[in-house]
Amino acid sequence: MPLPVDPLLNTKEVARILGLHPNTLWKWRNKGYGPTPLPIGPQHDDRTYRYRRREVERFIEQSSAEAQHREPHRSTGA
């Protein structure tokens, strides 16, 4: 069986990509914030959530765009 083109990442991998502690992702997940997790298996503890890499990338792009929109424009003085 071929591997999926969009690999699934665990919480520690996503936290490392985002520069966060894994507990931050857990808190975000409980608040409905952050990259959309994919529950795996019947019990939903930290070991049963995975994240699609493209979802993590989308979250980064979306968060970056929102941050740029909130920041005031600074003149360069030129």
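Predicted model: local features only at pLDDT ≥ 70, side-chain atom pairs only at ≥ 80, totals over all residues.

**Starting from a glutamate**

What else does the Glu-55 side chain meet? I found a polar contact of 2.5 Å with the side chain of Arg-58. Leaving out residues up to four places away in sequence, I see Glu-55 touching Pro-35 and Thr-36.

Is Glu-55 buried or exposed? I looked it up: its relative accessible area is 15%, and buried means under 20%, so Glu-55 counts as buried.

**The helix around it**

Glu-55 sits in helix H3. I noted that H3 has 18 residues and spans 26 Å from first C-alpha to last, close to the 26 Å expected.

Which residues of H3 are buried? My list reads Glu-55, Val-56 and Phe-59. Looking down the axis of H3, I get these buried residues within an arc of 100°, so they line one face of the helix.

On the face of H3 turned away from the buried side, I wrote down the exposed residues Arg-54, Glu-61, Gln-68 and His-69. Against what do the buried residues of H3 pack? I have E1, helix H1 (11-18), helix H2 (22-31) and E3.

**The sheet**

Next I traced the strands. I get an open sheet of three, in the order E1-E3-E2, with antiparallel pairing. Strand E1 (8-9) and strand E2 (38-39) are at the edges with a single partner strand each, so one side of each has no neighbour in the sheet. Two bridges join E2 to E3 (residues 49-52), and I found Pro-39 with Tyr-49 of E3 as its bridge partner. Helix H3 (residues 53-70) packs on this sheet, touching E1 and E3, and its direction makes about 70° with that of E3.

**Over to H1**

I checked H1 for buried residues and got Thr-11, Val-14 and Ala-15. They cover an arc of only 100° around the axis, which puts them on the same side of H1. Lys-12 and Arg-16 are exposed on the other side. Among what covers the buried residues of H1, I noted E1, H2, E3 and H3.

Last, the ends of H1. Asn-10 caps the N-terminal end, with a side-chain oxygen 3.1 Å from the backbone nitrogen of Lys-12. Just after H1, I spotted Gly-19 with a positive phi of about 70°.

Methods: Residues numbered from 1 in each chain as written. Heavy atoms only, no water. Pairing = 2+ DSSP bridges. Helix = DSSP H or I, 4+ residues; strand = E, 2+ residues; numbered from the N terminus. Contact = heavy atoms within 4.5 Å. Axes fitted to C-alpha atoms, helices over the stretch in contact; angles between N-to-C directions. Expected span 1.5 Å × (residues − 1). Buried < 20%, exposed > 50% of the residue type's maximum accessible area, 1.4 Å probe, protein only. Arc of directions from axis to C-beta. Polar contact = N/O pair within 3.5 Å; in protein donor to acceptor, adjacent residues only side chain to side chain.
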